[in-house]
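Here's a walk through this protein, from the overall fold down to a few individual residues. Keep the model open beside you as you read.

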Amino acid sequence: MSMTNITDTISIDSNRTIQTSGSLVYRVATASDCHSLAALINNSYGGELSRQGWVDRTHLFSAEGRRTNENTLFNMINSDTHVFLVFFGEDDQTLTGCISLQHKPEVKTAYIGMFAVRPDLQSRGYGKFILSAAENYAMNNWNAQYIELSVITHIPELISYYERRGYTDTGQRQPYPAHAIPPEATLRDDLELCFLSKCLKKNEEKPI
């Protein structure tokens, strides 16, 4: 298992596990991770446990709302177009975070989703590292030139977080998908997604 410092350039492929110095270890998820991943993501995106983190969504979704389930994660992990990275504490092997990537080769783009850090372990720089690992995975394994993600417009502090990481608001807006969370679990009827994009390689013009 190779090792790298958080400040080093990160390079991973689907058959390697990368370890950070004094921080996190991570690998590509398998079907056996679905149960623990579902708990991590749902606790990070809503409910009382999510209040321990720096992003509060409890004003948008009720405690009954679930961001995902094991079946959805199983299908993503076994999809040819998706990859899930899972991150663990180096010493205690506690599941700390995760992030998914969807490959869109026709537009040389990777789309980020299911990005979560355990609420009580946030504000330690883990999110920045996880995001960087995902970006490098997309470049090194898919030769992606762009990376995209979406954020609920009612969480401006999260939009600002991504902008500090080099993402730009594309101006695209879309209603929050009804299938993502049961309608009865949403506390607002005007939820909207803001789409952000980042160029991973300089001097590249995105195909239309």
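In which helix is the place of T72? T72 sits in helix α2. Before we look around there, a word on what you're viewing: this is a predicted model, so local features need pLDDT of at least 70 and side-chain atom pairs count only at pLDDT 80 or more, while totals for chains, interfaces and linings use all residues. Residues are numbered from 1 along each chain as its sequence is written, and side-chain values use heavy atoms, with hydrogens and water left out.

Let's start with the whole chain. The protein chain has four helices and nine strands; these are DSSP runs numbered from the N terminus, with helices being H or I of at least four residues and strands being E of at least two. Going along the sequence, the pattern reads β-β-β-α-α-β-β-β-α-β-α-β-β. Of the 208 residues, 48% count as buried. Here buried means under 20% relative accessible area, exposed means over 50%, and partly exposed is in between (1.4 Å probe, protein chains only).

T72, by contrast, is partly exposed, at 32% relative accessible area. At the start of α2, look for a side-chain oxygen of N69 that comes within 3.1 Å of the backbone nitrogen of N71.

Now for the interior. A nonpolar core here is a set of buried Ala, Val, Leu, Ile, Met, Phe, Trp, Tyr and Cys residues joined through side-chain atoms within 4.5 Å. The largest one has 42 residues, and F87, I99, L101, I112 and Y162 touch the most other members. At least two residues of this core come from each of β3 (24-28), β4 (82-89), β5 (95-104), β6 (109-117), α3 (126-142), β7 (146-152), α4 (156-164) and β9 (192-199). The largest share, nine residues, is supplied by α3. If you click on I112 and leave aside residues up to four places away in sequence, you'll find it touching I99, S100, L101, L131, I147, E148, L149 and Y167. There's also a second, separate core of 18 residues, with C34, L40, F84 and F88 among them.

What about the rings? The whole structure holds seven aromatic pairs. Rings of Phe, Tyr and Trp (its six-membered ring) pair if their centres lie within 6.5 Å; planes under 30 degrees apart count as stacked, over 60 as edge-to-face and the rest as tilted. F87 and F129 have ring centres 6.3 Å apart and planes at 85°, so this pair is edge-to-face. The two partners come from distant parts of the chain, with F87 in strand β4 and F129 in helix α3, 42 residues apart. F87 is buried at 0% relative accessible area, and F129 is buried at 3%. Y161 and Y162 also pair edge-to-face, 5.3 Å centre to centre with 75° between the planes. Y161 counts as buried at 11%, as does Y162 at 6%. Ring pairs join F115, Y161, Y162 and Y167 into a cluster.

Last stop, the backbone. Most residues other than glycine have a negative phi. M114, in strand β6, has a positive phi near 50° and is buried, at 8% relative accessible area. S123 lies in the loop between β6 and α3. The phi of S123 is positive too, near 65°, but S123 is exposed, at 66% relative accessible area.

How values were computed:
Contact means heavy atoms within 4.5 Å. A polar contact is a pair of N or O atoms within 3.5 Å; within protein, one must be able to donate a hydrogen and the other to accept it, and residues adjacent in sequence count only if both atoms are side-chain atoms.
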